[in-house]
Amino acid sequence: MGKRRRKRAGFWLKGICLILLVPVFITTLMQRMRLENLIYGKEGAQEVLNTIDSVEGMEREVREHQENKKDILSGQAETRSGDSKDEDEETEMKVLQIVAQEIGIDKSAETIKAQCVIARTNLYDAMQAGTKEPESMPPDQQQELWGENFDKNYQKLKSCVEATAGETLLYNRTYIYAAYHAISSGRTRSMSELYEDADMPYLVTAECHADTTAEGYLSVFYYEKEEFLEKCRAAYPDAGLTELTQIEIVSRDAAEYVTKIKVAGETYDGEQFRHALELPSACFTITEIDDHVRIVARGMGHGFGLSQNTAEKLAKEGYGYREILAYFYKGAVIGQAGNL
């Protein structure tokens, strides 16, 4: 009887241990699979072109902004008076639609308010310069995106726009180049490191430690060597690229984003290369592993100005939208649109 009881007790003990260990085994296995996916690029192929980023023509945008600023300071450009109530209401509606396009409605109210000021700044700057206005999301697309939550989300967005009514970011009495992105490399970038003649002292490095643990921070792409070379040849058909050794990262800025890269002897901007290869960020490394190439990119977007992920972290820590904007745009002040 004693042996039978001990045997039965041993059987139940083994069963309990098995029940306890199975979840641990499954968790370990899933973590290993996730790590392998990360290393070999199966999770790296996210929709990189869907990142919140307006950098495609950054050099052109910066140049246009600089020229408009010179015209304003010399008195050659017209400024909006803001006297028409109908015009102001129409513009504020544009701001709402732009913000709907630029940031997720799930973000905190203070983060969205900060984005409202950014959107309004870029809108007024574009209207003043006669350049392309920021992309927007009309009501029918909002309805399609939000579905049954349309009324609730619309009211949340509307209240954020109204709370910041007319507010824009200014530096030396002109609208700033209010750059923003989704996630930084861990710090934002200084515009002067990319374009030495850019007079944008408000776009400097800001620490963004929270970004390094954000979902989407790390993207890994894994190619066969010839596949990668073909992708580069398609992007640079006149380069005469034949070997991986002909691709060389020349320089990085303080935030570790690639500023210059050589492709078969020709030098290109890191942002240009990033877009050509459809990478989520110019903060990347290229590593040859046997007959394969691994690209690891950190962050999402160009890395200048406000990081939406860190802005959200600051909002949850109790920062107001004005404090958030001051953190990212050093020396810029908030002023009313049209009162330049």
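# Reading a predicted model

Me: Glu230 and Arg233 both sit in helix α8, three residues apart, which is about one turn of the helix. What counts as a helix or a strand here?

Reply: Helices (H or I, at least four residues) and strands (E, at least two) are DSSP runs, numbered from the N terminus. This is a predicted model, in which local features need pLDDT of at least 70, side-chain atom pairs count only at pLDDT 80 or more, and totals for chains, interfaces and linings use all residues. Residues are numbered from 1 along each chain as its sequence is written, and side-chain values use heavy atoms, with hydrogens and water left out. The protein has 11 helices and 11 strands.

Me: What joins Glu230 to Arg233?

Reply: A salt bridge is a side-chain nitrogen of Lys or Arg within 4 Å of a carboxyl oxygen of Asp or Glu. Glu230 and Arg233 form one, and their closest N and O atoms are 2.6 Å apart.

Me: Are these two residues buried or exposed, or in between?

Reply: Buried means under 20% relative accessible area, exposed means over 50%, and partly exposed lies in between (1.4 Å probe, protein chains only). Glu230 is partly exposed at 44% relative accessibility, and Arg233 is partly exposed at 22%. For the whole protein, 44% of the 340 residues count as buried.

Me: How many salt bridges does the structure hold?

Reply: The structure holds 16. One of them joins Lys94 and Glu133, with 3.3 Å between the closest N and O atoms. Lys94 is in helix α3 (residues 85-102) and Glu133 is in the loop between α4 (109-129) and α5 (139-146), so this pair ties together parts that are 39 residues apart in sequence. Lys94 is partly exposed, with a relative accessible area of 28%, and Glu133 is partly exposed at 31%.

Me: Which parts of the chain does the pair Glu167 and Arg322 link?

Reply: The side chains of Glu167 and Arg322 meet in a salt bridge at 2.5 Å, N to O. Glu167 belongs to strand β1 (residues 167-171) and Arg322 to helix α11 (residues 321-328), distant parts of the chain that are 155 residues apart. Glu167 is buried at 8% relative accessibility, whereas Arg322 is partly exposed at 46%. Salt bridges can also link up into a network, as they do among Arg189, Asp253, Glu271 and Arg274.

Me: In what order do the strands of the open sheet run?

Reply: Two strands pair if DSSP finds at least two bridges between them. In this open sheet of three strands the order is β4-β9-β8, with antiparallel pairing. β4 (218-224) and β8 (284-289) are the edge strands; each has a single partner strand, so one side of each has no neighbour in the sheet. From one strand to the next, the twist averages 15°. Axes are lines fitted to C-alpha atoms, for helices over the stretch in contact, and angles run from 0 to 180 degrees between N-to-C directions.

Me: How many bridges pair β4 with β9?

Reply: β4 pairs with strand β9 (residues 292-298) over seven bridges, in the antiparallel sense. Leu218 stands opposite Arg298 in β9. Helix α8 (residues 225-235) lies across β4, β8 and β9, and runs at about 105° to β4.

Me: Ala297 is in strand β9. Which residues does Ala297 touch?

Reply: Contact means heavy atoms within 4.5 Å. Leaving aside residues up to four places away in sequence, Ala297 touches Tyr217, Leu218, Ser219, Pro280, Ser281, Cys283 and Phe284. Ala297 and Tyr217 are 80 residues apart along the chain, and their C-alpha atoms are separated by 8.1 Å. Ala297 is buried, with a relative accessible area of 0%. Across the protein, 71% of the contacts with a separation of 6 or more are between residues 24 or more positions apart.

Me: How many disulfides are there?

Reply: A disulfide is a covalent bond between the sulfur atoms of two cysteines. The test is a pair of cysteine sulfur atoms within 2.5 Å. A search of the whole structure finds zero. Cys116 is in no disulfide, and the nearest cysteine sulfur, that of Cys160, is 5.5 Å away. That distance is too far for a bond. Cys116 is buried at 0% relative accessibility, and Cys160 is buried at 1%.
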